[in-house]
Amino acid sequence: MRRRTPPPPAPLPQHDGVDPVRVRLPFGGQWATVREHLVERLTGAGPGVVAGMFDAGLVVAADGRAVAPDAPYEPGMFVWFHRELPEEITVPFPVEVVHRDEHIVVADKPHFLATTPRGTHVAETALARLRRELDLPSLTAAHRLDRLTAGLVLFTVRPEERGAYQTLFRDRRVRKEYEAVAPYDPALTLPRTVRSRIVKERGVPAAREVEGEPNAVTRVESAGHRAGLGRYRLIPETGQTHQLRVHLSALGVPILGDPLYPEVTAPVPAGDFRRPLQLLARRLEFTDPVTGAEHTFVSGRTLSAWSDPAEWADRAP
């Protein structure tokens with residue numbers, strides 16, 4: 001069995017809080033040069049883009065030197081480069097810092113802002129913003145929230161401690177509490193615990209429930225109702241993709257502003273921030289694995305459909 005070689009440190013600095021892309025050349029294959037492999041691998045970059053990066057000296061090896069356009073292919077070699085950042089519409093809401101110490105940063109993320117760079121959301125992400133605003137280039141996310149969900153996200157300051165905090169989430173030693181606004185159904189008996197099996201297929205926007213052993217568990221409680229709207233307290237025991245959205249939809253009370261459940265709707269125009277998904281990561285509680293401190297953090301955000309239902313109704317498309 002071939003031993004996995006740990007990657008060396010990145011020889012390129014961040015750009016706008018975004019790390020350079022790291023590629024490890026795979027073992028096997030018939031590529032003659034590094035450029036030949038990357039041209040084949042990065043087909044989405046467009047014709048001539050990868051070749052142009054080599055010509056400009058933008059692809060570098062571990063020593064920071066440019067990889068020559070005719071450099072021979074070396075299995076296991078690491079190379080780095082900066083992707084061309086897409087044009088992004090600014091999400092016009094701040095990322096609030098709830099807590100900061102030498103080990104962690106807890107941020108209160110707004111709706112519409114991705115947690116970490118992915119796809120077309122790169123510099124306009126909570127991680128990239130915080131790296132820039134706090135001057136913390138080593139900041140990393142210990143977990144993620146959906147782009148459309150607002151609320152608390154835990155980031156780690158020191159790379160060597162990230163694993164300890166990620167393990168908290170993996171081992172379900174973080175108590176997470178969410179809040180949602182959805183239609184009120186007087187026939188729906190609460191509290192209750194919802195258990196189901198959820199699958200999310202790559203390339204398919206919505207997750208779905210299927211037969212089989214449950215892998216998604218959510219405690220659903222009522223936090224009040226008025227004028228046909230319900231306010232729900234959601235306590236997930238697991239962390240499947242879109243779990244809370246799927247479970248409330250299955251109960252017949254889909255979360256307001258949800259473009260995927262109970263059915264996928266046409267995407268709103270870019271820059272339309274009028275009707276955010278009414279889902280908020282309200283509370284995080286855990287024992288700090290590094291310091292032993294007991295932490296409880298609470299989001300200061302509100303869900304507009306509940307705090308100002310008249311304005312929410314006026315925003316309807």
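The model you are looking at is predicted, so local features need pLDDT of at least 70 and side-chain atom pairs count only at pLDDT 80 or more, while totals for chains, interfaces and linings use all residues. Residues are numbered from 1 along each chain as its sequence is written, and side-chain values use heavy atoms, with hydrogens and water left out.

What does Glu177 pair with? Its partner in a salt bridge is Arg233, and the closest N and O atoms are 3.5 Å apart. Glu177 belongs to strand S7 (residues 175-183) and Arg233 to strand S11 (residues 229-236), so this pair ties together parts that are 56 residues apart in sequence. A salt bridge is counted when a side-chain nitrogen of Lys or Arg lies within 4 Å of a carboxyl oxygen of Asp or Glu. Helices (H or I, at least four residues) and strands (E, at least two) are DSSP runs, numbered from the N terminus.

Arg219 is partly exposed, with a relative accessible area of 30%, whereas Glu221 is buried at 19%. A network of salt bridges links Arg175, Glu177, Arg219, Glu221 and Arg233.

In total, the structure holds 20 salt bridges. One of them joins Glu102 to Arg158, with the closest N and O atoms 2.9 Å apart. This pair links distant parts of the chain, 56 residues apart: Glu102 sits in the loop between strand S3 (96-100) and strand S4 (104-109), and Arg158 in the loop between strand S6 (150-156) and helix H4 (162-170). Arg158 counts as partly exposed, at 29% relative accessibility.

Now follow the chain into H4. Which residues of H4 are buried? They are Tyr165, Leu168 and Phe169. These residues cover an arc of only 95 degrees around the axis, which puts them on the same side of H4; the arc is that of the directions from the helix axis to the C-beta atoms. Among the elements covering the buried residues of H4 are S4, S6, S7 and strand S12 (279-287), where contact means heavy atoms within 4.5 Å. After H4 comes Arg172, whose phi is positive, near 60 degrees.

Strand S12 leads on to the aromatic residues. Phe286 and Phe297 form a tilted aromatic pair, 6.1 Å centre to centre, with 50 degrees between the planes. Rings of Phe, Tyr and Trp (its six-membered ring) pair if their centres lie within 6.5 Å; planes under 30 degrees apart count as stacked, over 60 as edge-to-face and the rest as tilted. Phe286 lies in strand S12 and Phe297 in strand S13 (residues 294-298), so the pair ties together parts that are 11 residues apart in sequence. Phe286 is buried at 3% relative accessibility, and Phe297 is buried at 7%. Elsewhere, Phe93, Phe112 and Phe273 form one aromatic cluster.

Finally, step back to the whole chain. It is divided into domain 1 (21-81) and domain 2 (96-315), with bounds that come from an automatic or database domain assignment. Their C-alpha centres lie 37 Å apart.

Methods: Buried < 20%, exposed > 50% of the residue type's maximum accessible area, 1.4 Å probe, protein only.
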